[in-house]
Amino acid sequence: MIRSVAVVGASLAGLAAARALRDQGFDGRVTLVGDEPHRPYDRPPLSKDFLLGRASAEELALGTEADDALDLDWRLGSPATALLPHERRVRLADGGEVSADSVVLATGARARNLPGFAGRGGVHTLRTLEDARALREELRPGARVVVVGAGFIGSEVASTAKAAGAEVTVVEALPVPLAGPLGPTMGTACAALHADHGVRLICGVPVRELLGQPRVTAVRLADGQELPATAVVVGVGAEPNVGWLAGSGVTVDDGVRTDAAYATNLPGVVAVGDCAASYRASTGRYVRTEHWTDALEAPRTAVRTLLGGGAGPAAGDDGRRRAAVPYFWSEQYGVRIQFAGHRGAEDEVRVEAGDPADRSFLAVYEREGRATAVLGVNRPKEFTRWRRALATTGSDSGPASGSGSGEQAAAVL
């Protein structure tokens, strides 16, 4: 019988796991271990309102009054350094240990940096509250900000820096920004937002080196261009926080490997959130999903698995919906970009409504005559109808003409 659970990772996925444990009737000891000194907070506003000073740290807090009744044992400010499954212990950096019958791995991910970038003044990544506070000090009128990486985080930071009055240049090593998640055609359409708002975008040229010591003064590109910079923001993806699991016996490959119900190869250990690479039947492979929705919803199924319920009917249904329709959104320059589904490299894309030139359109991705994904740019009503249809049909088709309620999708990235 499980009488104690350690949830390693005190962000959204960890808090959602603790809530799920209580919701599903677990009345034993629940310990939350977090490397940051803060209780869980919402990360998406870090690249938007928080950077602009429109939201405070207190407003980012995810905890509610209801959470105070969960009777959780918080162990914050000291990351886990080792999992000792046979001894049922988690070792912490401060020398302490947490004993637990079962463990939820929810350690998330960390921002990826580039060689030679770390430790230089004026160079930033954005993942934590402290990262955002440091970067916010750099964003002021007249600042010259170079953003390395034109993915969603990089583009959101570029948008925010421009709104703060900075001169902004975005550098993307790939020929087309966002081609991975959106495909080259739609990636090009969304990347046009930068030029619309006076932000320079340089594609197909990687960064060679940074200039200036001890603080950055410029960025030199592979083609010899030098971009003056008072600040550099690196937005080139994230890496799962799984190094501390070395020697534990947990299978790791670009994240903690789990089955569709979030069980790892070790009994009594499940994994959720950005650190988990879970099997998706719809794709036939292990996928690490760095989306707010998954971090919020997956713990319900994982806890059911942990408590012995397995992936029963309710859990299985939830898992299929998530696997079929991953969802994320981004906001750049006041434009809402929403995406749902699984885009394959072979998919064809067509514009269903609106016009990319107007920065307001809905595009549908199709494979062998079946809809696989949908992209909405400032089209929340049509997007919501398609998203619901994909969830109902498992990406088999779009909505019937005139269907849907016009309800807006929730903001989740």
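The model is a predicted one.

The structure holds 1 cavity of 30 Å³ or more, and the largest cavity has a volume of about 30 Å³. Its lining is made up of Tyr262, Val272, Gly273, Ala276, Ser278, Arg280, Val287, Thr289 and Asp294. Strand β20 (residues 276–280) gives the most to that lining, with 3 residues. Sorted by class, the lining of the largest cavity comes out as 4 nonpolar, 3 polar and 2 charged residues.

Next up is helix α3 (residues 129–136), where Leu129, Ala132 and Leu135 are buried. These residues sit on the same side of α3, because they cover an arc of only 130° around the axis. As a rule, residues three or four places apart in an α-helix point the same way, since there are 3.6 residues a turn.

Now for the strands. How many residues of strand β11 (residues 167–172) are buried? The count is 5 of the 6, so β11 is largely enclosed by the rest of the structure. Strand β10 (residues 144–148) runs parallel to β11, and 5 bridges join the two. Within this pairing, Val147 stands opposite Val170 in β11.

Methods: Residues numbered from 1 in each chain as written. Predicted model: local features only at pLDDT ≥ 70, side-chain atom pairs only at ≥ 80, totals over all residues. Heavy atoms only, no water. 1 Å grid on protein atoms, 1.4 Å probe; cavity = no way out; pocket = protein on both sides within 12 Å on 5 of 7 lines; lining within 4 Å. Points joined across faces, edges and corners; volume = space filled by probe spheres on them. Helix = DSSP H or I, 4+ residues; strand = E, 2+ residues; numbered from the N terminus. Nonpolar A, V, L, I, M, F, W, Y, C, P; charged D, E, K, R; others polar. Buried < 20%, exposed > 50% of the residue type's maximum accessible area, 1.4 Å probe, protein only. Arc of directions from axis to C-beta. Pairing = 2+ DSSP bridges.
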